[in-house]
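Dear colleague,

I am handing over the structure we spoke about, and my notes on it follow directly below. Please read them with the model open beside you.

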Amino acid sequence: MKKPSPYFDVIVVGAGAAGIGIALMLQKIPGLSFTVLESGSIGESFRRWPKQTRFITPSFHSNPYGLVDLNAIEEHSSPALFCQSEHPCGEHYAEYLKAVVSNEYLPVVQHCRVDNVLKENRDNFVLKTQQGVFRSQYLIWATGEFQFPDLAPFPGAEHAIHYANISDWSDFNAEAYTVIGGYESAIDASINLLASGHHVRVLMK
């Protein structure tokens with residue numbers, strides 16, 4: 001006899017800050033069944049950050065004063081304390097997320113890539129994954145953009161290197177670089193390239 005597919009009220013796809021954050025909220029709803037599906041490990045996007053990348057927003061432990069650590073996803077935790085850093089790197093923040101999942105007993109299925117999503121009827125989603133079929137009434141997509149970047153935002157973008165495809169800024173050895181964009185990743189790229197002695201020009205609208 002075929003084993004029935006697991007059914008949940010809510011399925012969250014992605015175990016990064018957004019996915020774990022919403023899971024913490026769902027856990028507070030009495031009687032609600034849910035699970036989180038993650039294609040890699042908890043905090044996978046953070047684990048893929050360039051080696052030198054750090055949080056811009058500083059973490060600091062302020063719970064004794066009634067304030068939550070600015071980078072915390074759970075009010076009683078503190079990345080500053082856990083990571084022992086005011087500006088955590090991606091790998092350390094991923095371990096912080098993993099600790100929150102463990103401490104709060106959140107149901108996360110790791111290494112469970114979602115390959116296809118179908119609408120079975122008006123009330124159910126069917127998710128075909130590496131670990132079988134899951135069904136739910138509601139589906140929350142929390143995979144973010146870092147693992148799924150837009151690699152062709154303008155003609156000629158294929159000649160550039162996207163920030164999401166960089167693992168270590170020390171791999172860059174040209175004399176000068178042009179960075180396109182003016183937000184966090186662009187400025188982080190510029191700072192790291194400048195720190196390595198390169199000439200950097202930033203283009204933004």
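I begin with strand S7 (176–180), which five bridges join to strand S8 (residues 199–203), the two running parallel. Helices and strands here are DSSP runs, numbered from the N terminus, with at least four residues in state H or I for a helix and at least two in state E for a strand, and two strands are said to pair if DSSP finds at least two bridges between them. Within this pair, Tyr177 stands opposite Val200 in S8. Buried means under 20% relative accessible area, exposed means over 50%, and partly exposed lies in between, with a 1.4 Å probe and protein chains only.

Before going further, please keep in mind that this is a predicted model, in which local features need pLDDT of at least 70 and side-chain atom pairs count only at pLDDT 80 or more, while totals for chains, interfaces and linings use all residues. Residues are numbered from 1 along each chain as its sequence is written, and side-chain values use heavy atoms, with hydrogens and water left out.

As for the overall layout, the protein has five helices and eight strands, and from the N terminus on its elements run β-α-β-α-α-α-β-β-β-β-β-α-β. The C-alpha trace spans about 65 × 50 × 30 Å along its principal axes, and buried residues make up 40% of the 205 residues. Among contacts (heavy atoms within 4.5 Å) between residues at least 6 apart in sequence, 54% join residues at least 24 apart.

The other strands that I followed belong to an open sheet of six, with the order S3-S2-S1-S6-S5-S4 and mixed pairing. S3 and strand S4 (114–119) stand at its edges with a single partner strand each, so one side of each is left without a neighbour in the sheet. Strand S1 (7–13) is mostly covered, since five of its seven residues are buried. S1 pairs with strand S6 (residues 132–141) in the parallel sense over six bridges, and four bridges join S1 to S2, again running parallel. Ile11 has a bridge partner on either strand, namely Leu139 in S6 and Thr35 in S2. Also along S6, Val10 stands opposite Tyr138 and Val13 stands opposite Trp141. Strand S5 (residues 125–129), by contrast, pairs with S6 in the antiparallel sense over five bridges, and S5 and S6 form a hairpin with two residues between them.

Turning to the interior, a nonpolar core is taken as a set of buried Ala, Val, Leu, Ile, Met, Phe, Trp, Tyr and Cys residues joined through side-chain atoms within 4.5 Å. The largest such core has 36 residues, of which Ile20, Phe46, Tyr96, Leu106, Val108, Trp169 and Leu193 touch the most other members. Among the elements that each supply at least two residues of this core are S1, helix H1 (17–26), S7 and helix H5 (184–195), while H4 gives the most, with six residues. Apart from this core lies another, of nine residues, among them Phe8, Val13, Leu37 and Leu127. In H1, the buried residues are Gly19, Ile20, Gly21, Ala23, Leu24 and Leu26, and what covers them includes S1, S2, H4 and strand S3 (108–109). Phe46 touches Ala17, Phe55, Gly90, Glu91, Tyr93, Ala94 and Leu97, not counting residues up to four places away in sequence.

Gln84, found in the loop between helix H3 (79–83) and H4, has phi near 55°, a positive value in a residue other than glycine, and it counts as exposed at 66% relative accessibility. Tyr105, in the loop between H4 and S3, likewise has a positive phi of about 55° although it is not a glycine, and Tyr105 is exposed, with a relative accessible area of 72%.

With best wishes
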